[in-house]
Amino acid sequence: MNSVRSTSWRKELKSHIREKSLVFLLADSNLPDSYSMDIMKVCKIKNKTHLLKIKGGEQIKTHQHLIKIYNELDVVGADRKSVLICLGGGTISDLGGFAASTYKRGIDLVILPTTVVGMVDAAIGGKNGINLESNVGILKNQIGTFHQPKLTGIDFKWLDSLPQDEIKSGWGEMLKHALLKGGSHLEQLKNAEPNIASLAPLIIESGNIKEGIVRRDVKENGERVLLNLGHTVGHAIESLELDASTESEIKHGIAVAWGIVFTLEVSVIKMGFNDAMAKELIKWIVDIIGYREKMWGSKEIWLKMCKDKKNINGNVKDVLLRNPGDVDWSFTWEREEFTILWEQFRKRYELTSC
Ligand SMILES: NC(=O)c1ccc[n+]([C@@H]2O[C@H](COP(=O)([O-])OP(=O)(O)OC[C@H]3O[C@@H](n4cnc5c(N)ncnc54)[C@H](O)[C@@H]3O)[C@@H](O)[C@H]2O)c1
Ligand SMILES: [Zn+2]
């Protein structure tokens, strides 16, 4: 994996674009204009540049948005020596990364993440993609490639404008990394508040945890699958909310945090995870994310889980924990057992059932 992650993004960016025929900046239009102007200033010194703004959010991970980017790349004359820079959260880098990996069979990619989710997770490891509208509704990240960014540039100043609920969403992915790692990193996260001042010192280390796993298994032939902790149920919840297209669409990291709460409960039963420790972790998580007004039923969740990318030969796979830092990724669900456990879980955490 030949990818640089750096907080000295100006210096690194200058050196990465030096030989490029065109710099195509794909920026989230929800960001203050000063962010993209700043980057354009760095690039314009020596390069031909083009700026395309798209409003970030899960709804942009579609083939229609992908085609809009291809067309724009074509109109401005981007060639194989061009570079695509993504400035935004995980939805901008998933969509833009996929465009960069497929346009003219692949052009260079730079990611400048502006969310916590992006900084600790989405901008690392080279996965990109869009969602699929299937006969069971929207399915997350079903179409995509592996295409490593040449550079991931981090600037904590970009987080100044990030709304509080997006910070909590980033905390959800940091929680995943902390449970995968265990030890002092988990303790530090437990002692942190879900705000930028408190989380910033842990962001680089959280990203390092992901990077370490990815470097050992770039194409997810084994160990990388453990980064799906909390995502089997998390993606199912997220997809169901997208189908319903409610105003209160759940944030990715919050869906993952719910997936982790369920995983901890199941891990006690299936993996002998310490019950008292699980209860303590669950209380900490739920105090931060709050109870759900409505939790989806086991039937709907199961239908989405049946389409999860991890599944093999129709078996619904999941990632469980024996301990923080000790992960099992060979677990297979039986529908009946899932139904019983999910319905119990749902009653505990759904406000209308309490
Ligand atoms: N490829 C991967 O490895 C990977 C890993 C984790 C998550 N993901 C994907 O990432 C997506 C979630 O990423 P996300 O949480 O960054 O979502 P996002 O890109 O939708 O950003 C969240 C919201 O914050 C806004 N925003 C972004 N940066 C901002 C800033 N600095 N100031 C103000 N507003 C800002 C966006 O416009 C959006 O409304 C999901 O689609 C998930 O599947 C991918
Ligand atoms: Zn995730």
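Student: Where do phenylalanine 338 and tryptophan 342 lie?

Tutor: In this predicted model, both sit in helix 13, 4 residues apart, which is about one turn of the helix.

Student: And how do I describe a pair of aromatic rings?

Tutor: You use two things: the distance of the centres and the angle of the planes. For phenylalanine 338 and tryptophan 342, the centres are 5.9 Å apart and the planes are at 20 degrees, so this pair is stacked. The cut-off for stacked is under 30 degrees.

Student: Why is the pair of tryptophan 302 and phenylalanine 338 tilted?

Tutor: Their planes are at 40 degrees, with centres 5.6 Å apart, so we call the pair tilted. It also links distant parts of the chain: tryptophan 302 is in helix 12 and phenylalanine 338 in helix 13, 36 residues apart.

Student: Which residues do ring pairs link into a cluster?

Tutor: Among them are Trp258, Tyr291, Trp302, Phe338, Trp342 and Tyr349. Across the whole structure, a search finds 15 aromatic pairs.

Student: Now the ligand. How many residues surround ligand 1?

Tutor: There are 27, and Asp28 and Glu58 are among the closest. A polar side-chain atom of aspartate 28 lies 2.5 Å from a ligand 1 oxygen. An N or O atom in the side chain of lysine 140 is 2.8 Å from an oxygen atom of ligand 1. Taken alone, ligand 1 exposes 860 Å², and the protein buries 91% of that.

Note on methods. Residues numbered from 1 in each chain as written. Chains lettered and ligands numbered in written order. Predicted model: local features only at pLDDT ≥ 70, side-chain atom pairs only at ≥ 80, totals over all residues. Heavy atoms only, no water. Near = heavy atom within 4 Å. Polar contact = N/O pair within 3.5 Å; in protein donor to acceptor, adjacent residues only side chain to side chain. Areas by Shrake-Rupley, 256 points an atom, 1.4 Å probe, with all protein chains shown as cover. Phe/Tyr/Trp six-rings, centres within 6.5 Å; stacked < 30°, edge-to-face > 60°. Helix = DSSP H or I, 4+ residues; strand = E, 2+ residues; numbered from the N terminus.
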